[in-house]
Structure formats: C-alpha cells, structure tokens
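This report goes through one structure, with attention to its aromatic rings. Please look over the sequence and the model before reading on.

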Amino acid sequence: MFSTEDYNEKIDAYLKGNLSPDEAKVFESKLHSDPALKSEFLFQQSLLADIQASRKSELKARLNNINIPAEKPAYWKYAVLAGIATTIFVAINYLPDNILKNDKAEIKTATSDKLENLGKGVAFDKSEAEEIEEEDKADLQAKPTEAPEEAKSNPTESKKVVSNPEKDSGKEVLPNLPDVHTPESYGNDHVGKDVETPDHNLTKTKQINTTVAGVEVVKSKKHKFHYQYFDNKLFLYGDFDTKTYDILELNNSKGQKLYLKFESNYYELQPDRTEISKLEIVKNRETLKELEEIQKK
Amino acid sequence: MTDQEILDRIKKGDESALDFLYKKNYRMMVNMIIKNNGSEEEAKDIYQEALLAFWQKAASGKLEMTSKISTFLYSICQNLWRKELDRKSRLSNEEKDGIVTDSQDLEERAKLLNMCLNDLGETCKKILFYFYYDDLSMDDIAYKMGFANADTAKTKKYKCKKELDKLIKTRFSTQDFLD
C-alpha cells in the first residue's frame, strides 16, 4: 500500500515515462484495484497536461516575440539547401509517420543508412567545399531564403556543397554541410534581443546590440575573475561591483565579439563560454589597437 | 554555435539556445510549409510545435542526435504538416461541433491553472514548468534557479506541487476539473 507521498512520486514517474516497463505494469494493476489511486491519477494526469500546455504557450509567446529578419536573396545558398532537401527527401521516406513518438533508434537508421547511400553519389572536392564554407562565413547577412525545392535547378553546385572536407568516406554527409550562418552565429550566440541598458556599472559602454540582454555580477569565493554566458546574460564573477569596468563590442572581419576592460587591461569574452571560465587577457596587438580605437571614438 | 554547443545549452535549459535555433531555421522551415499549401501563420505554428517538441526531448537529455539539428527539425515539420493537412481534409467532411466545446473546456482549465500558478509565485511556477514540461534534471533546475543543489530543487518542487494540488482541489471541485 502506498502513502499519499508515494502515490504522487509514482504518478509523476509514470506520467513522465520514467518507470521501467515492469514498474509501469505493477503501477497499472494497482491503478485498477485501488479507486483512490485511480482518482488521484486522473486528477494528476489532467493537471500535468495543463501545466505543460501553460508552459508551452509561454514558450510560444517567447518565440513570437523574436523578430525574424526579412528575406534576402543569396543565390549560392540554394545549393546548400538543395543538398539538405535531397537528403531529407530520401530520409523522410524511411521515417515512419509519427516521428515524435519514435525512438532515436529509428531515426538513426533512417538518416544514417540513407545518408550513406546518398554520400556515395556525391562528388568530393575538398577545396571547393572549403571555399563555399568560407563564402558562407563571409556572407554574414545572408539568410536561407527559399524553400529547398527551388534549388533543385542547380544540381552541380549542390554536389559540391554536400561534399565532406574532413573525412574521406561518404558517410555522414549531412553533419558536415556548411552551416548557414546568421549574423548571430558569429561573435555571439545570442539572438538579438533589444538592448536593455546594461548595468549602471558600465560607464563608457559603446552600443551593445544584439549581444547580451544584461550583465550580472556574481560574488563567488571560488571564482574570483571569471565569466560565463547563460540565458542571454553575461555573468561576471569577481570584484566588479566596486570597481568600474567596460564592456566593449568589436566588429571586424572575424565577426562580432565582446571584450571586458578592467583596470586598463582588456579581456576576451568568448561567446561560446557557457561554463564558468577564467578571464583571459588580450594579447593580440591588432585587437588591442582596435579596442583602443573604439575607446577614443 | 555548433550543433553540439546548442544541444549542451538546451540540456541545461538555456532558453537563448531556443531563440537562436528558432531564428536560424525559421525561413527554411516556414518556406517549406508555405510551398506545400500552408499559410505563413500555419507554417509558423507548425514550426513552433516542431521546435518545442525538439526542445522538450533535448532538454530532458533523452535525445541523441545522429543528424544535424536542422535536418531533424525539417523532418518533424514535414510530418506535423502532413498530419495537419490530413486533419484539415477530414474536418472539411465532418461536423465540427465536438471540437469547439472541447477547446472551451481547455481554455477554462488553463485560466484556472494560471490563476493558481500566479498565486504560488514566480519561483514555483518556473520550477513546475521546468520539471513537468522541459523535463530538466533537478541539478539543472537548481543551476538555473540559483539553488544550492539538486536536493533543494527537489524539496522546493515537492512543496510547490503540493501547494498547487491543494489550491486547485480546494478552489474547484475535482469533478469540475476532471471533466
């Protein structure tokens, strides 16, 4: 016999799909023989569904607030999309209808098997693939523009793109497709939320656009001079409450990046640091020069 | 951001990774649906459904990716859209009465729940969302909420849930809620 607490734990686990098949069977038979459990179960079932629906509409509202830039033509990208489209087209035929309920195993077979076949028909040309990737990086403004179908008119190019610069085998073609980079994928990982005015601590801050939604200073015994990005925010660990610091944004050929100026030194803020990382001083002369330049403006 | 970085972030419940993915793949997914007789609105809705389904799976840590995220999303979108087209063609041949009352009932329940969640406060609401929808681990919930450890998160979640049950049960009869 369960206590109420155990009931709830079990019901949670069952509804979240965390019971083993055996445990689930035991639970189900209890459900049939115990009317109190059954009624609590039905209550919880609809409550959890409501909680999930509520969270879902919250997240949808979040997504609806994201501003999607208008389309821009970028013809060479059709080729990339054609590659993806063809592959998916093949893969899709092997995916059972209800993909959401499928386990990864099925998806695995569907994709990797078919990709392997597809890969065989693909011409490999390392330099060309790299070239296209380069082009991709250079064209920061470009967006995927058209549905892949249109791109089929350009079969030669699509082959180049699908080729795999790192491996010799034709397997896993897709994972090596060049990314279609949005500006945000360079220099910072955060989708352009409008700037909330950063902390009052930021004295001479140059515009921080599309980068972080805020800066938070954290006091920590363990981390005295560290930083990390999380949930669109930059967290600075250390003595930043009492002394002034600047966050500088540098846009150059390598993309957009943030730097911290603290006690007349510059520190790099790598956009991909989601773990707490040590602040590292900038040594590259050119970068330093550029940073000095922004300060003068 | 590489796919791996995105996945790592999602596993920790970092919602900026969701924003990033949404923006990055928006055009490709939405255009695919529009090309297949969908309106922009429908396309957006399907894409959001697909992305959130992906988010849930990935945040719970139950997903092992063997293809690119965009490939995966694309196939979810295609499947969802195919189903939606099916549903639409069936609907046009049938009476629609049953569904209307159904959604009214859902709306009532949603209102009721949101009232209770607001009374519980933002912290409880978030914990319950992260636990029941995003399916984050207690460790990740603790991290995201700034709690000392997973045990604190677990205790809080337990208390919040108990309080929610109580609120709903006392304010509204169980029978109302059930049907």
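Is A:Phe41 buried or exposed? With a relative accessible area of 6%, A:Phe41 is buried, since buried means under 20%. The model discussed here is a predicted one.

## Chain A in outline

Chain A contains nine helices and eight strands. It has 297 residues, of which 45% count as buried. The accessible surface of chain A is about 15,800 Å², and carbon and sulfur atoms hold 49% of that area.

Among the contacts in chain A with a separation of 6 or more, 58% are between residues 24 or more positions apart.

## An aromatic pair within chain A

Over all chains, the structure has 14 aromatic pairs. In one of them, the ring centres of A:Tyr14 and A:Phe41 are 5.7 Å apart. Their planes meet at 65°, so this pair is edge-to-face, the cut-off for that class being over 60 degrees.

A:Tyr14 belongs to helix H1 (residues 4-15) of chain A, and A:Phe41 to helix H3 (residues 35-64) of chain A. The pair therefore ties together parts that are 27 residues apart in sequence. A:Tyr14 has 23% relative accessibility and counts as partly exposed, whereas A:Phe41 is buried.

A:Phe230 is buried, at 7% relative accessibility, while B:Tyr143 is partly exposed, at 38%.

A charge and a ring also meet across the two chains: the charged end of A:Lys16 sits over the ring of B:Phe131, 3.3 Å from the ring centre.

## An aromatic cluster

Which residues form one aromatic cluster? The members are A:Phe225, A:Phe240, A:Tyr245, A:Phe262 and A:Tyr267.

## Helix H3 of chain B

Helix H3 of chain B covers residues 40-59, which is 20 residues. At 1.5 Å a residue, this helix should span 28 Å.

Just after H3(B) comes B:Gly61, with a positive phi of about 80°.

Methods: Residues numbered from 1 in each chain as written. Chains lettered and ligands numbered in written order. Predicted model: local features only at pLDDT ≥ 70, side-chain atom pairs only at ≥ 80, totals over all residues. Heavy atoms only, no water. Phe/Tyr/Trp six-rings, centres within 6.5 Å; stacked < 30°, edge-to-face > 60°. Helix = DSSP H or I, 4+ residues; strand = E, 2+ residues; numbered from the N terminus. Buried < 20%, exposed > 50% of the residue type's maximum accessible area, 1.4 Å probe, protein only. Lys NZ or Arg CZ within 6 Å of the ring centre and 35° of its normal. Contact = heavy atoms within 4.5 Å. Areas by Shrake-Rupley, 256 points an atom, 1.4 Å probe, with all protein chains shown as cover. Expected span 1.5 Å × (residues − 1).
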